Amino acid sequence: QVQLVVTGGGLVQTGGSRRLSCAASGRILSIDTMAWYRQAPGKQRDLVASITRGGSTVYADSVKGRFTISRTNANNTVYLQMNSLKPEDTAVYYCNAESVVTTIHRHLQVWGRGTLVTVSS
């Protein structure tokens with residue numbers, strides 16, 4: 001069973017920084033794309049940033065220049081460094097992994113539990 005464990009949420013002031021981590025476990029051989037999504041109250045879940053196994057990244061326009069996604073393939077972990085945080089960044093942040101190959105199965109998509117990031121004004 002593949003699990004994504006997310007850490008790093010919490011309360012931060014406007015202009016502050018926060019780092020989220022997401023560690024995948026479960027006899028994993030490889031993961032194609034890892035990503036962060038977020039869902040604000042009353043809104044849909046949207047992509048924040050994604051990173052392929054080779055390191056190619058995509059960012060939502062709203063976070064470009066402020067957020068940085070990175071990953072370490074050796075331990076199947078993805079990070080989201082969030083700087084210059086704004087109240088509108090307040091949301092539940094979710095980790096996602098696509099095409100997760102384990103020793104017994106290939107999972108098309110796996111989601112982690114969300115972590116709440118609250119940016120106070």
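The following dialogue discusses how some terms are applied to this predicted model.

Trainee: How many helices and strands are in the protein chain?

Mentor: The protein chain has 0 helices and 11 strands. From the N terminus on, the elements run β-β-β-β-β-β-β-β-β-β-β.

Trainee: What makes the protein chain as compact as a globular protein of that length?

Mentor: The radius of gyration is 14 Å, and the globule rule gives 14 Å for 121 residues. The value is close to that of the rule, so the chain is as compact as a globular protein of that length. Along the principal axes, the C-alpha atoms fill a box of roughly 45 × 25 × 20 Å.

Trainee: What percentage of the 121 residues counts as buried?

Mentor: Of the 121 residues, 41% count as buried.

Trainee: Why is T102 called buried?

Mentor: The term buried requires a relative accessible area under 20%. T102 has 7%, and therefore T102 is buried. This residue is found in strand β9. T102 and I28 are 74 residues apart in sequence, yet their C-alpha atoms are 4.2 Å apart in space.

Trainee: Why is G8 called partly exposed?

Mentor: Partly exposed covers the range between the buried limit of 20% and the exposed limit of 50%. G8 has 25% relative accessibility, so G8 counts as partly exposed. G8 lies in the loop between β1 (3–7) and β2 (10–13). The C-alpha atoms of G8 and R19 are separated by 5.9 Å, and these residues are 11 residues apart along the chain.

Trainee: Is A23 buried or partly exposed, and how do you know?

Mentor: The relative accessible area of A23 is 32%, which lies between 20% and 50%, so A23 is partly exposed. A23 has its place in strand β3 (residues 18–25).

Trainee: Why is the phi of N76 worth a remark?

Mentor: Most residues other than glycine have a negative phi. N76 is not a glycine, although its phi is positive, at about 50 degrees. N76 is found in the loop between β7 (67–72) and β8 (77–82). With a relative accessible area of 10%, under the limit of 20%, N76 is buried.

Trainee: What is the phi of S99, and where is S99 found?

Mentor: S99 has a positive phi of about 50 degrees and is not a glycine. S99 is found in strand β9 (residues 91–102). Its relative accessible area is 16%, which is under 20%, so S99 is buried.

Trainee: Why is the pair of Y94 and W111 called edge-to-face?

Mentor: The structure holds 2 aromatic pairs. Y94 and W111 form an aromatic pair with 6.5 Å centre to centre and 85 degrees between the planes. An angle over 60 degrees counts as edge-to-face, and 85 degrees is over that limit, so the pair is edge-to-face.

Trainee: Which parts does the pair of Y94 and W111 tie together?

Mentor: Y94 lies in strand β9 and W111 in strand β10 (residues 106–111), so the pair ties together parts that are 17 residues apart in sequence. Y94 is buried at 15% relative accessible area, whereas W111 is partly exposed at 36%. Y37, Y94 and W111 form one aromatic cluster.

Trainee: How do you know that R45 lies over the face of Y94?

Mentor: For a charge to sit over a ring, the distance must be within 6 Å, and the direction must be within 35 degrees of the ring normal. R45 is 3.6 Å from the ring centre of Y94 and lies over its face. Likewise, R19 lies over the face of Y79, at 4.1 Å from the ring centre.

Trainee: What is the volume of the largest pocket, and which residues are closest to its centre?

Mentor: The largest pocket has a volume of about 190 Å³. Of the 13 residues that line this pocket, R38, A40, K43, E88 and D89 are the closest to its centre.

Trainee: How many residues of each class are in the lining of the largest pocket?

Mentor: The lining has 2 nonpolar, 4 polar and 7 charged residues. Asp, Glu, Lys and Arg count as charged, so R38, K43, E88 and D89 belong to the charged class.

Conventions:
Residues numbered from 1 in each chain as written. Predicted model: local features only at pLDDT ≥ 70, side-chain atom pairs only at ≥ 80, totals over all residues. Heavy atoms only, no water. Helix = DSSP H or I, 4+ residues; strand = E, 2+ residues; numbered from the N terminus. Buried < 20%, exposed > 50% of the residue type's maximum accessible area, 1.4 Å probe, protein only. 1 Å grid on protein atoms, 1.4 Å probe; cavity = no way out; pocket = protein on both sides within 12 Å on 5 of 7 lines; lining within 4 Å. Points joined across faces, edges and corners; volume = space filled by probe spheres on them. Phe/Tyr/Trp six-rings, centres within 6.5 Å; stacked < 30°, edge-to-face > 60°. Rg over C-alpha atoms; globule rule 2.2 N^0.38 Å.
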